[in-house]
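Take a look at the structure below before reading on. We'll walk through it together, one spot at a time.

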Amino acid sequence: MGLSTIFLLLYVTSSLRTGTDALRGQVENQKLSMKVEELENQLKMYENVKNEYLASQAPKDEVQEYEELMDKLTLLQEDAKTEKERLIQEARENGEKVKALNKYQQMVRNVLNANKMAKSKLINRDDLIKEQDVEIETQETEIADLNKDIQNKKQLIAQGEQKIAVTQAQLQKRLTELRVAYKNNKLSKQLFEQKMAQARAEGNQKVAQLNQVNAQYQMQLNQANVQLGQVQGELSKTQGLLAQKEDEATHLAGALSRTKAEAGAKIAGLQQGFAEEKAALAAGFGKEKAKLQGALSDTQGQLAKARAEIEARKSVAGEIQKGFAKAGIKADIDMQTGDVVLDFGQAYFDSDSDRLKHEMKGVLEKAMPIYSRSLFGNPKVSDKISAVEIIGFASPTYQGRFVDPHSSKPADKAALKYNMDLSYRRANSIFSYMLDEGNMRFEHQRELLALMKVSGRSFLEVMKVQNRNVATAAEFCKQNDCKKAQRVIIRFNMDPKK
C-alpha cells in the first residue's frame, strides 16, 4: 500500500510538473529563445573583456578577491558533486534492497510451492491407497464368496456320498432279502437271479447317477479352488503394492515434516529480515512521501501561479492589442508573453545616433498611455507587475563595416562595446522622454515609471545574418534589414508570489 501511494504520488507529481512545464514553456519559450543566443554571445564578450581587464587594468587586490571567489565556487561545485554521488549511492542501495526483497519473496514462493507439491503427492498416495483398500475389500469379498461356494459344494458331495452309501445299503438289504427268500424256496432260482440282476442294475444305476453328480460337484469345487488361488494371488500382490505405497507415504510424510520445519525456519528468518527491511523502507518511504507531498503542494501552487500568470499576460496582451488597433498604432505584440515591439515605420534611429525623431515621439505619445492603462488599469493585474523594461538594440555595423561578434580583435571588441552602449542609450532616450512630464502626461504614468528599467542588447539577440562575407556596412544593410535591428522591446515582468 505504501509503495502504491508513493508511486501514485510520483506519477501525479510528474504529471503536474509536466503540465506546469508545458504551461510555463508557452510563457518562457520565446523569452529563452531570444535570451540564449544573446547570453552566449554576451558571455563570450564579457569573458574576453574580463580576461583583458584582469590582465591589464585590475588592481592586485581585486584580482586576488576574484581568484578567492572562483576558489569558493570550485569548492561549492565539489560539494555539489559529492552530494550528487551520495544521492546516487543511496539510490543504488535502495535498488539493492528492492532486489533483496524480491529474492526473499521468490524464496518464500519456492518453499510454498514445494509444500504444495509434497501435499499433492501425499493426496495422490492417499487416493491410491484408498483405491487399493477398496480393491482388497472386493477381493476379500470374492474370496469369502468362493469359500462359501466351496463349502456348499463339499456339503453336496458329502450328501451325495451319503446317498450312495444308503443306496448301497438298500441294495445289500434287497440282495439279502432275495437270498433269504431263495433259501426259503419262496423264489425260484430263475426269478431269484432275475430279481438279483434287477436289484444290482437299479443300485448300480443310482450309484452311477450319484457318482456323476459328485463328479460335477468335484469339478466345480476344483474350479472354485483354482479361482480362489487366483484371487488370493491378486490379493497378495495388492497387499504388497499397498505396503509399498504405505512405505512411500510414510517417507513422504517424513519429508513433508522436514520440509515444513525447514520452511518454517526459513520463513521465520525471512520474515524477520523482511520486517527489518520493511521498517527501514517504511521510514524512508515516510520521509520520501512527506517530501513528495510537499513537492506536490509546491508544484500545484506553481501550476496555479503559472496558469494565473499566463491568463494575466494574455489579458494584458489583448487589452494592448485592442487599444493599439483602435488608435492605429502598428506594433508586434506577443499574445503569450505580452512583449511589445513598436513599429516606427521608416523613422528609426539614425546610424550611430540615440536621438529620438519627431515621428518616434509621436508613436510613443500614442502608445504609452494605452500600454500603461492596460497594465495598471486592471487591479487584478496591476498588483502583480514587478518591472517594465525598455530594451534597446543596434545594428551590427560600426564605422562603415560589419561587426563580427565572434572576433577577438581589439577593433571588433571596441565595436561590440560601442554598439552595446549605443543600444542602452537608445533605450534610455525613450525612458528619459517618458520621464519628462513636459513631454508626456497620461494616466498611471507614475506607476509605470516607478517600475521601469533600461537595458541594451546591442544586436546579439535580434539579427539572424544571412551573409557575413561583405566588405562594407552599406552592402550588408542591402542584404539585411538594419533598421529592424534598431527596434525597441517593451516588456513587463510579473511577480509569481503575488
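What follows is a short tour of some strands, a surface patch and a few charged pairs.

First, some housekeeping. This is a predicted model, where local features need pLDDT of at least 70 and side-chain atom pairs count only at pLDDT 80 or more, while totals for chains, interfaces and linings use all residues. Residues are numbered from 1 along each chain as its sequence is written, and side-chain values use heavy atoms, with hydrogens and water left out.

Let's begin with strand β3, residues 385-392. Helices (H or I, at least four residues) and strands (E, at least two) are DSSP runs, numbered from the N terminus. Of the 8 residues in β3, 7 are buried, so the strand is largely enclosed by the rest of the structure. Here buried means under 20% relative accessible area, exposed means over 50%, and partly exposed is in between (1.4 Å probe, protein chains only).

Who are the partners of β3? Two strands pair if DSSP finds at least two bridges between them. With β7 (residues 488-494), β3 pairs in the antiparallel sense over 7 bridges, and Ile385 has Met494 as its bridge partner there. With β6 (residues 452-456), β3 runs parallel, joined by 5 bridges; Gly392 stands opposite Gly456 in that strand.

Now for the charged pairs. Side chains of opposite charge can pair when their charged atoms come close. A salt bridge is a side-chain nitrogen of Lys or Arg within 4 Å of a carboxyl oxygen of Asp or Glu, and the structure holds 8 of them.

One of them joins Glu90 and Arg86, at 2.4 Å from N to O. These two are 4 residues apart in helix α2, so about one helical turn separates them. Glu90 is partly exposed at 35% relative accessible area, and Arg86 is partly exposed at 37%.

In helix α3 (residues 189-327), Arg313 and Glu309 are also 4 residues apart, or about one helical turn. Their side chains meet in a salt bridge of 3.1 Å, N to O. Arg313 is buried at 1% relative accessibility, and Glu309 is buried at 17%.

Asp354 and Arg425 form another salt bridge, with their closest N and O atoms 3.2 Å apart. Asp354 lies in the loop between β2 (340-342) and α4 (358-376) and Arg425 in helix α6 (residues 410-435), so the pair ties together parts that are 71 residues apart in sequence. Finally, Glu437, Arg441 and Arg446 are linked in a network of salt bridges.
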